[in-house]
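Dear colleague,

I am handing over the structure below, together with notes on what was found in it.

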Amino acid sequence: MAKLAGVSPKTVSNVVNGQVPVSPHTRDRVEQAMDQLDYVPNLSARGLRNGRTGVIALALPALATSYSASMTSEIVAAAAERGWNVQIEDTGVTDGRREAMLLNRARAHLVDGLILNPVLLETSAVQRGVSLPPVVLIGEVDQPIADHVWIDNVAAADAATSRLVGAGHRRIAFLGRMRSATARLRQKGYRAALRRAGIRPDPELAVPCRIWNPDGGYTAMRTWLADHEPPDAIFASTDSLALGALHALADLGLTVPGDVSLVGYDDVPEAAHYTPPLTTVGFDRRLFAETVLTLLAERIADPARPIVSRTIPFRLVERESVRDR
């Protein structure tokens, strides 16, 4: 097979085993040779030899959201380039039992490693004193016993809120699921930006929501607006919540950005096509995925190496949902 592909036997092994990155061009040559020879890797035998399955698990708390779908797509694509298959799981929002089940699967060597996105540190199965298989945490829960990749949510929320302050807004509402680590950090950045501008954060402008989707954003915003005057602007802690807020404002005859400016977070693919297109916090999802998989590969290869944390840069994506006053 190596001769047919024009590569070394070691390169063929790297493609088949998926533990060492191989260029797409080289991988294509090897896979074409495999097709010509009708070669099928014996995964069971490979697992017996090196103790690995070629399968990793990705667990997210809400697979139905656009953010989770776009992140899953990037991670699966990047994993495929390494020859890894990805088992995808929905862990639920606050239930650590599914995380614990996945940790057990990894300990039993049914998967080689895990990528987990806990919602709350208190409910996560990744806790001090727990024996961990190779695992990388993504998102806002920072548990220093495991590798971690995230966006600096405090700084990003500060930048988003500062954009609204800079546009001349003073009554800026915060829309988010208050019990989550995500909302806590983003609200911290929101408050920091207000204080720096000499604006005292007003608890009445906190709009709590139960679920991270457009329905949750719509219900929370409609309920809040029934008892409050419309704010100058809204910082929604996800783009999905911002979409629900847009709908709620429209139901009341309020326009964005004419009456209320709006900023989201995540830059989901649909955000550019909202009406109006949404100003939001974005980041390089492919860079995020590659960073996560690199850390996971390094942890699989060396379980005892020091814990590593990586912060991916963010950017404020300016569109049409903010009006300068």
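**The parallel sheet**

Six strands make up an open sheet in the order S2-S1-S3-S4-S5-S11, and their pairing is parallel. The edge positions are taken by strand S2 (85-90) and strand S11 (309-312), each of which has a single partner strand, so one side of each is left without a neighbour in the sheet. On average, and with direction ignored, neighbouring strands of this sheet are turned by 20° against each other. Please bear in mind throughout that this is a predicted model.

At one end of the order, strand S5 (residues 147-151) pairs with S11 in the parallel sense over four bridges, and there isoleucine 151 stands opposite isoleucine 312 in S11. Helix H11 (residues 285-301) lies across strand S1 (55-60), strand S3 (113-116), strand S4 (135-138), S5 and S11, and it runs at about 175° to S5.

The loop between S1 and helix H5 (66-81) holds alanine 62, which is partly exposed, with a relative accessible area of 24%. Leaving aside residues up to four places away in sequence, alanine 62 touches Ser68 and Asp90. Alanine 62 and threonine 91 are 29 residues apart in sequence, while their C-alpha atoms are 7.4 Å apart in space.

**The mixed sheet**

Another open sheet, also of six strands, has the order S7-S6-S8-S9-S10-S12, and its pairing is mixed. Strand S7 (206-208) and S12 stand at the edges with a single partner strand each, so one side of each is left without a neighbour in the sheet. In this sheet, too, neighbouring strands are turned by 20° against each other on average, direction ignored. Within it, S8 and S9 pair in the parallel sense over three bridges, and the bridge partner of isoleucine 234 is leucine 262 in S9.

Helix H10 (residues 239-251) has 13 residues and reaches 19 Å from its first C-alpha to its last, close to the 18 Å expected at 1.5 Å a residue. Its buried residues include Leu241, Ala242, Ala245, Leu246, Ala248 and Leu249, and the buried residues of H10 pack against strand S6 (172-176), H9, S8, strand S9 (261-265) and strand S10 (279-283). The helix is followed by glycine 253, whose phi is positive, near 80°.

**Salt bridges**

Side chains of opposite charge can pair when their charged atoms come close.

Glutamate 140 forms a salt bridge with arginine 186, the closest N and O atoms being 3.8 Å apart. This pair links distant parts of the chain, with glutamate 140 in the loop between S4 and S5 and arginine 186 in helix H8 (residues 181-196), 46 residues apart. Both glutamate 140 and arginine 186 are buried.

A salt bridge also joins the side chains of aspartate 147 and arginine 299, at 3.0 Å from N to O. Since aspartate 147 lies in strand S5 and arginine 299 in helix H11, the pair ties together parts that are 152 residues apart in sequence. Aspartate 147 counts as buried at 0% relative accessibility, and arginine 299 is buried as well, with a relative accessible area of 6%.

The side chains of arginine 325 and aspartate 232 meet in a salt bridge of 3.5 Å, N to O. Arginine 325 lies in the segment after strand S12 (314-317) and aspartate 232 in the loop between helix H9 (214-225) and strand S8 (233-236), so the pair ties together parts that are 93 residues apart in sequence. Here arginine 325 is partly exposed, with a relative accessible area of 48%, whereas aspartate 232, at 18% relative accessibility, counts as buried.

Finally, Glu74, Glu81, Arg82, Arg286 and Glu290 are linked in a network of salt bridges.

**Nonpolar cores**

The largest nonpolar core has 68 residues, and those with the most contacts inside it are Ile115, Leu175, Met221, Phe235 and Phe288. Its largest share, eight residues, comes from H11. Apart from this core lies another, of eight residues, among them Ala59, Val111, Leu114 and Ala146.

With best wishes

Notes: Residues are numbered from 1 along each chain as its sequence is written. This is a predicted model: local features need pLDDT of at least 70, side-chain atom pairs count only at pLDDT 80 or more; totals for chains, interfaces and linings use all residues. Side-chain values use heavy atoms; hydrogens and water are left out. Two strands pair if DSSP finds at least two bridges between them. Helices (H or I, at least four residues) and strands (E, at least two) are DSSP runs, numbered from the N terminus. Axes are lines fitted to C-alpha atoms, for helices over the stretch in contact, and angles run from 0 to 180 degrees between N-to-C directions. Contact means heavy atoms within 4.5 Å. A salt bridge is a side-chain nitrogen of Lys or Arg within 4 Å of a carboxyl oxygen of Asp or Glu. Buried means under 20% relative accessible area, exposed over 50%, partly exposed in between (1.4 Å probe, protein chains only). The expected span of a helix is 1.5 Å times one less than its number of residues. A nonpolar core is a set of buried Ala, Val, Leu, Ile, Met, Phe, Trp, Tyr and Cys residues joined through side-chain atoms within 4.5 Å.
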